[in-house]
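Hello,

Here is the structure for you to look over. My notes follow below it.

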Amino acid sequence: MTVETQRPTWSQQTKLMVVIILLGLTIFLLYQFRDAIAPLILAVIIAYILSPVANYLQKRFKLHRGLATVLAFLLMAVILAGIFMLIIPPLVAQFSSLNVDIERIFSQFQAIRITRYEILGQTVDFDELSQQVLGSLRNLSEPFFGQTLGYAVELISSLVWVLFVVVVAFYLIKDGHALQEWIEGLIPASYLPDYAQLRLTISEIWSAFFRGQIVLAMVVSIIFSVAGFILGMPFALAMGFLGGILEFLPTLGYAIWLVIASLLAFFIGSTWLPIPNWMFMLIVIGLHLIFQQFDINYLLPRIIGRRVHLPPLVVILGIFAGALLAGFLGILLAAPTIASGRVIGRYIYANLVDFDPFPEKSITTPLPPPDPQWWRRHTENDED
């Protein structure tokens with residue numbers, strides 16, 4: 001007769017201690033390998049964007065997963081090469097001319113700055129005021145551009161990091177399903193429905209942001225370029241391209257583009273409209289404010305969706321925090337990261353206070369669908 005012994009289980013104190021040790025080890029490893037975090041994030045972004053392409057090629061042409069992944073990378077390379085060949089040369093030419101005109105604008109601004117003005121009996125020293133404004137802008141811009149240029153130099157100058165990004169992205173696409181199954185195997189069965197719902201919600205956020213943001217940037221670039229050519233906006237193609245790029249900075253991007261466009265309109269004017277520069281600047285500002293409302297109320301909900309929508313103050317604070325922590329990547333990923341954190345935070349809070357974490361997905365008994373033949377069958381039964 002064999003005596004079955006019950007397997008010992010860990011106490012709550014032991015579990016808590018193990019979790020703390022693992023958390024400390026994770027933080028230590030992240031600190032030791034902090035230089036690989038930015039390239040790893042880039043690899044995940046590339047894999048996330050190209051995964052649907054590989055899925056389509058695999059299902060449409062019955063290809064092996066590895067071959068479909070290779071073709072997806074080749075397709076991306078062809079598209080990027082076409083963009084560089086067709087768009088980059090005129091953009092470089094316009095940005096070069098824009099640099100010259102910006103120097104001319106600063107020269108005119110210098111002449112305005114050294115002038116003293118009498119306003120309501122008070123002398124206004126624009127030189128001192130401009131020095132304070134420029135100093136504040138310089139302090140604000142250092143966290144953005146300092147770390148951004150650091151990441152750019154490291155990733156462009158080092159072939160090892162480039163290969164690292166490509167290889168990691170390749171295997172993330174190729175073995176993504178196996179990785180997903182492995183993660184699901186680590187989760188207790190009772191929590192699998194919650195995990196599936198969280199994964200679906202967060203996936204919708206990042207999918208809407210990346211794929212939707214790319215489409216939105218292209219649409220905005222086309223709109224700004226066409227409107228710029230019609231109005232005679234200086235450097236219309238470059239300003240259209242800049243408007244599309246700044247769509248990746250919610251709320252803050254509008255202000256940056258409007259300041260640049262207003263300066264060009266005031267100091268250079270329209271290339272063909274016979275109106276004063278100040279009037280052309282007011283037209284540009286007015287049309288941009290109208291487009292901003294069109295973008296917020298029509299384009300964003302239909303292209304990106306409402307899951308990534310956040311209060312403007314939260315977005316601005318998130319962009320500045322992301323710039324301080326991760327430079328350009330922090331700026332780019334601020335909005336979807338905050339939106340994902342909101343979903344996870346709501347789930348944790350609901351479990352802490354014993355609420356339903358997914359009230360909109362609660363299981364209810366649905367009503368039967370309407371039967372269009374009910375009246376005919378009812379009539380036939382009455383006649384019998």
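What follows is a short account of what was found.

This is a predicted model: local features need pLDDT of at least 70, side-chain atom pairs count only at pLDDT 80 or more, and totals for chains, interfaces and linings use all residues. Residues are numbered from 1 along each chain as its sequence is written, and side-chain values use heavy atoms, without hydrogens and water.

First, the whole chain. The protein chain has 14 helices and two strands (DSSP runs numbered from the N terminus: helices are H or I with at least four residues, strands E with at least two). It has 384 residues, and 29% of them count as buried (under 20% relative accessible area; exposed is over 50%, partly exposed in between; 1.4 Å probe, protein chains only). Among contacts (heavy atoms within 4.5 Å) between residues at least 6 apart in sequence, 65% join residues at least 24 apart.

Next, helix α3, residues 65-86. Its 22 residues should span 32 Å at 1.5 Å a residue (the expected span is 1.5 Å times one less than the number of residues). The end C-alpha atoms are 32 Å apart, which agrees. Buried residues in α3 include R65, G66 and F73.

Last, the surface. F266, W278, M279, L282, I283, L287 and I290 make a nonpolar patch of about 650 Å². Helix α11 (residues 277-304) gives the largest share, six residues. F266 sits in helix α10 (residues 252-267). F266 counts as partly exposed because its relative accessibility is 36%.

Accessible areas come from the Shrake-Rupley method with a 1.4 Å probe; for residues, only the protein chains shown count as cover.

Best wishes

Technical notes:
Patch = residues over 30% accessible without salt bridge, like charges linked within 9 Å, V, L, I, M, F, W, Y side chains within 5 Å. Salt bridge = Lys/Arg side-chain N within 4 Å of Asp/Glu carboxyl O.
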